[in-house]
Amino acid sequence: MELTQEQIAQSITAAFDSVNLVAELKAKASVTEDEQGTIDRNVEHLNIMLGKEWFAEALTAEQAEQINAVL
């Protein structure tokens with residue numbers, strides 16, 4: 001599957017929506033069951049994306065660190 005640079009950039013942007021959401025929820029003193037489900041789904045999404053070679057190779061070292069920090 002051949003992706004354009006634009007498609008890859010959009011995937012990275014979408015992944016960082018998940019990163020920001022997980023970080024925001026993890027910063028709370030406590031989370032509801034629904035919020036924990038949101039964290040779990042977004043962490044799973046990030047793990048799936050990191051398993052894609054084209055995605056992992058497109059990340060900067062800083063981006064990879066930010067993603068790994070919320071996993």
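**Reading the helix packing**

Guide: α1 and α4 are oblique to each other, a word kept for angles that are not under 35 degrees (roughly parallel), over 145 (roughly antiparallel) or 65 to 115 (roughly perpendicular). This is a predicted model, in which local features need pLDDT of at least 70 and side-chain atom pairs count only at pLDDT 80 or more, while totals for chains, interfaces and linings use all residues. Residues are numbered from 1 along each chain as its sequence is written, and side-chain values use heavy atoms, with hydrogens and water left out.

Visitor: At what angle do α1 and α4 pack, and how far apart are their axes?

Guide: Two packed helices are described by the angle between their axes and the distance between the axes. Here α1 and α4 pack at about 40°, with axes 9 Å apart, each axis being a line fitted to C-alpha atoms over the stretch in contact and the angle running from 0 to 180 degrees between N-to-C directions. Their crossing is left-handed, meaning that the near helix is turned anticlockwise from the far one by less than a right angle, clockwise being right-handed. I12, F16, V19, V22, A23 and K26 of α1 meet Q63, Q66, I67 and V70 of α4, where contact requires heavy atoms within 4.5 Å. By class, seven of these residues are nonpolar, two polar and one charged (nonpolar: Ala, Val, Leu, Ile, Met, Phe, Trp, Tyr, Cys and Pro; charged: Asp, Glu, Lys and Arg; polar: the others, Gly among them).

Visitor: How do α1 and α2 cross?

Guide: The axes of α1 and α2 come within 9 Å and cross at roughly 145°, and this crossing is left-handed. The residues that meet include A15, V19 and V22 in α1 and I39, L46 and M49 in α2; by class, the contact has 10 nonpolar, five polar and two charged residues.

Visitor: How many helices and strands does the protein have?

Guide: There are four helices and zero strands, both taken as DSSP runs numbered from the N terminus (H or I with at least four residues for helices, E with at least two for strands). Along its principal axes, the C-alpha trace spans about 40 × 20 × 20 Å. Among contacts between residues at least 6 apart in sequence, 60% join residues at least 24 apart.

Visitor: Which residues touch the most other members of the largest nonpolar core?

Guide: In soluble globular proteins, nonpolar side chains tend to be buried together. Of the 15 residues in the largest nonpolar core of this model, I12, V19, L46, F55 and I67 touch the most other members; such a core is a set of buried Ala, Val, Leu, Ile, Met, Phe, Trp, Tyr and Cys residues joined through side-chain atoms within 4.5 Å. α1 (5–26), α2 (33–50) and α4 (61–70) each supply at least two residues of this core, and α1 gives the most, with seven. Not counting residues up to four places away in sequence, L46 touches A15, S18, V19, I67, V70 and L71.

Visitor: Is M49 buried or exposed?

Guide: M49, in helix α2, has 9% relative accessibility and so counts as buried (under 20% relative accessible area; exposed is over 50% and partly exposed in between, with a 1.4 Å probe and protein chains only). Beyond four places in sequence, M49 touches S11, W54 and F55. By contrast, E2, in the segment before α1, is exposed at 76%. Of the 71 residues of the protein, 30% count as buried.
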